[in-house]
Structure formats: C-alpha cells, structure tokens
Amino acid sequence: MVFSVISFFAGAHLYVKLPPMGSPLTRVSRVLVAAFRKRRISAFDYTGPLYELTDKQSISVQQIRLHHTQQFNFLDRAAIEVPEDRRDDGSFNPWRLCTVTEVEELKLLFRMAPIWASGIVLVTASVQQHTFSVLQARTLDRHVFPRSSFEIPPGSMAVFSIASMLFTISLYDRLLMPLASKVTRHPRGITCLQRMGVGFVISTLATAISAVIELKRKQAAASAGAVDMRTVIPMSMYYLLPQYCLHGVAEAFMSIGHLEFLYGQAPESMRSTATAFFWICISAGSYLSSAIVSLVHHNTEWLPKNLNHGHLEYFYCLLTVLQVLNFLVYCISARWYKYKIVLDQEETDMKDRPSHSPQN
C-alpha cells in the first residue's frame, strides 16, 4: 500500500486533467424536469424544430452532439421551445429548455438499462463456482496425478476459471477477432451485443453441465458408500473442470462485451458513471445470488450441509431456467436497441465522402 501511494503521487502530474463540465446527473434531471413542465405539449404531433446548439456553441462547451432518435418521444418535449423558456435577459432557462443532445443522452440511458440489467443473472450463476462448486470439490479426489501427494485445495479450483478466461481473451484477440472481422467487416469481429450474447449462451451451458455433474457425483458417492461425506468419493476433481472453464469462457465474452457496451454507448459526459455501473452489476448479481439461496433454503431441502442428502442439481437447473429466460429478454432488448449516432461524426463523414459516390 505504501508503494502504491508513492506510485500514485509520482505519476499524478503526468495525467491529463480536463476541466469539469458539470454533473451528468444534473443534465439528466434537467431533461426530466423540462419534459414534465411541458407535459401538456404533444411531442408526437409537434413537427417544428427542436432546440440544439450550433457548431460553434457545441465546440465552445465541448459537447459532442447526438443524432435525434424516435424512441421515447415523450422526452422530446424538453427540447421544444416555448416563450416561457426565456428569462428576462433573453437567455434560456436550462431547467425548462434542453438541447437535443441532452435529451438523447437520457434516451441512451433508458435504452442501455435492460442490456445492463441482463448481466446481473449471469453474475448470479458464476458466483456459485466460489460457493457450492467448492463444496463439491471437497468431496472429490483432488490429486493432480493418480499417485502424486499434492492435492489442489478446494478454494483454489477457481484458478481453472481464471486460466480459461485469460486463454479465451488471448485467443479471441489474436486469432478469432481477425478471422471474424474478415467475414463480418466489423473491426472487433463481432459487436459488443453479440459478444455478450455468446457469453450468455456459454454460461447457460455451464450451469446445465453443473447439474449433470452433480448427479454423477451423487451416484458415485452412493456406489462408494460415502454418502455421509466423511470419506473422499473415488471421483476425480477434473469432472468439475467443464463448469469452471465454461464459466471462465463466458466471463471473457460477457464481461469484456459488457464493458465495451457501457463505455462505448454511454454519453461522453457519463462514461465514467456508465463504467461504474459494470461493478454495480457484479454486486447486484452477488446480492441476487444470496437472495435466491436464502429462498431455496427457506422453502426447500435442496441445499443441506451434506450435499449428498440434498438436490444441488435442482438448484443448478433453477439457475439454468433463469438464465434461459434472461437470455430471451436480452435478445428482445438487443433487437430493440439502437446504437448511438454522433451527429458531428456523421457530418464529417458526409463532407469527406466523394460527391460521385452513392449515398446510403
């Protein structure tokens, strides 16, 4: 910790510090207040221009303008100019009139919310590899080799998940992404939403396999007369590797795709806030896992202290069903989602495009 503090202060002067542009929460609040004040105006029937900054004004306030979208049209009321929006000195009241970009920033958050929330269930499933999977490993033969004296501690089994995650990230960046980009013409091979979808499918497969392995473990315990969990079951801990490794692969796809989505699609002024929501998702998934385990403990006998007398496989099946339902909701949300379009970049592309080229 002492070294980290010294390193922080030694490198602090090298960091480029931008002047604060105001709280993003204030901008969001202004849009909500302005739209509520003009709730009697029909945004669907309004055909006039919406208020937006000019090129010079957007540069002076360092605001990157966003393209107007048709989703959540009721928020467009905040950008409709009425006489009451002006103060006595002729300036606009920001709590009564907002720019299109400010309105679109709030729309972005609304569109991103279901995509963000879908990651909570995946975290809920992956948390189990640090709880019940460890209890499973305690009952198995954890020798690395049949005649070796070294045993892998149950709590260290997660190293297989971490190793598979690191291997998947390296494989994707060095091999899969270049190959996929040639087919999809996408610089990252696949979009962040597609990458998240792959993670959902693999995580669902991991929990389904966990249920199958638990059934096999209980059968081995019954055959060996080790139901009381006092003796080690003659079954290798390597049977748990598929669920550990698949959770690692799922995290490699989901976590990176989730971060790319939150950081890339968030408004420019809210990128740090959006990235923080990634960690909120992880904490929410852990809390949801605790809530589900508590409900199962209270209403069933699936998870006793002696796993051989319970039905851990039912619990894994429950997580699998939840993930399937979550994936269906995610697919609907991803299908409905509209990617962010930066107006200034669109205008730049139009200017740089040759005049004889066809415009799509």
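## Close-up views of a predicted model

**View 1. Arg96 and Asp85 meet in a salt bridge.** In this predicted model, the closest N and O atoms of Arg96 and Asp85 are 3.4 Å apart. Both residues sit in the loop between helix 3 and helix 4, 11 residues apart. Arg96 is buried, and Asp85 is buried too. Shared partners join Lys38, Asp85 and Arg96 into one network of salt bridges.

**View 2. Asp85 also pairs with Lys38.** The closest N and O atoms of this salt bridge are 2.8 Å apart. The pair links distant parts of the chain, 47 residues apart. Lys38 belongs to the loop between helix 2 (24-37) and helix 3 (55-60), while Asp85 belongs to the loop between helix 3 and helix 4. Lys38 is buried, as is Asp85. Side chains of opposite charge can pair when their charged atoms come close. The structure holds 12 salt bridges.

**View 3. Arg86 and Glu81 form another salt bridge.** Their side chains meet at 3.7 Å, N to O. Are these two residues buried or partly exposed? Arg86 counts as partly exposed because its relative accessibility is 43%. Glu81 has a relative accessible area of 40%, so Glu81 is partly exposed.

**View 4. A nonpolar patch lies on the surface.** Phe167, Leu171, Leu175, Leu176 and Leu179 make up the patch. Together they have about 450 Å² of accessible area. One of them, Leu175, is found in helix 6 (residues 158-184). Leu175 has 43% relative accessibility and therefore counts as partly exposed.

**View 5. Phe200 is buried in helix 7****.** Helix 7 spans residues 192-223. Phe200 has 2% relative accessibility, so Phe200 counts as buried. How far apart in space are Phe200 and Ser118, C-alpha to C-alpha? The distance is 9.3 Å, although 82 residues separate Phe200 and Ser118 in sequence.

**View 6. Several helices line the second largest pocket****.** About 340 Å³ of space lies in this pocket. Its lining has 20 residues. Val123, Ser126, Glu251, Ser255 and Ile282 lie nearest the centre of the pocket. Helix 4 (100-126), helix 6, helix 8 (241-265) and helix 9 (271-299) each supply at least two lining residues. Which helix gives the largest share of the lining? Helix 8 does, with five residues. By class, the pocket lining has 12 nonpolar, seven polar and one charged residues.

**View 7. The largest cavity holds about 50 Å³ of space****.** Rolling a probe the size of a water molecule over the atoms shows where empty space is left. The count comes to two cavities of 30 Å³ or more. The lining of the largest cavity is Leu66, His67, Thr69, Glu104, Leu108, Arg111, Tyr339, Lys340 and Ile341. This lining divides into four nonpolar, two polar and three charged residues.

**View 8. The second largest cavity holds about 40 Å³ of space****.** Its lining is made of Ala125, Gln128, Gln129, Ser133, Thr207, Ser210, Gln243, His247, Tyr316 and Leu319.

How values were computed. Residues are numbered from 1 along each chain as its sequence is written. This is a predicted model: local features need pLDDT of at least 70, side-chain atom pairs count only at pLDDT 80 or more; totals for chains, interfaces and linings use all residues. Side-chain values use heavy atoms; hydrogens and water are left out. Patches are made of residues with over 30% relative accessible area and no salt bridge: like charges are joined within 9 Å, nonpolar side chains (Val, Leu, Ile, Met, Phe, Trp, Tyr) within 5 Å. Accessible areas come from the Shrake-Rupley method with a 1.4 Å probe; for residues, only the protein chains shown count as cover. A salt bridge is a side-chain nitrogen of Lys or Arg within 4 Å of a carboxyl oxygen of Asp or Glu. Helices (H or I, at least four residues) and strands (E, at least two) are DSSP runs, numbered from the N terminus. Buried means under 20% relative accessible area, exposed over 50%, partly exposed in between (1.4 Å probe, protein chains only). On a 1 Å grid over the protein atoms alone, a cavity is a set of points where a 1.4 Å probe fits but cannot get out, and a pocket is an open set with protein on both sides within 12 Å along at least five of seven lines; lining residues have an atom within 4 Å of a point. Grid points are joined across faces, edges and corners, and a volume is the space filled by probe spheres set on the points. Ala, Val, Leu, Ile, Met, Phe, Trp, Tyr, Cys and Pro count as nonpolar, Asp, Glu, Lys and Arg as charged, and the others, Gly among them, as polar.
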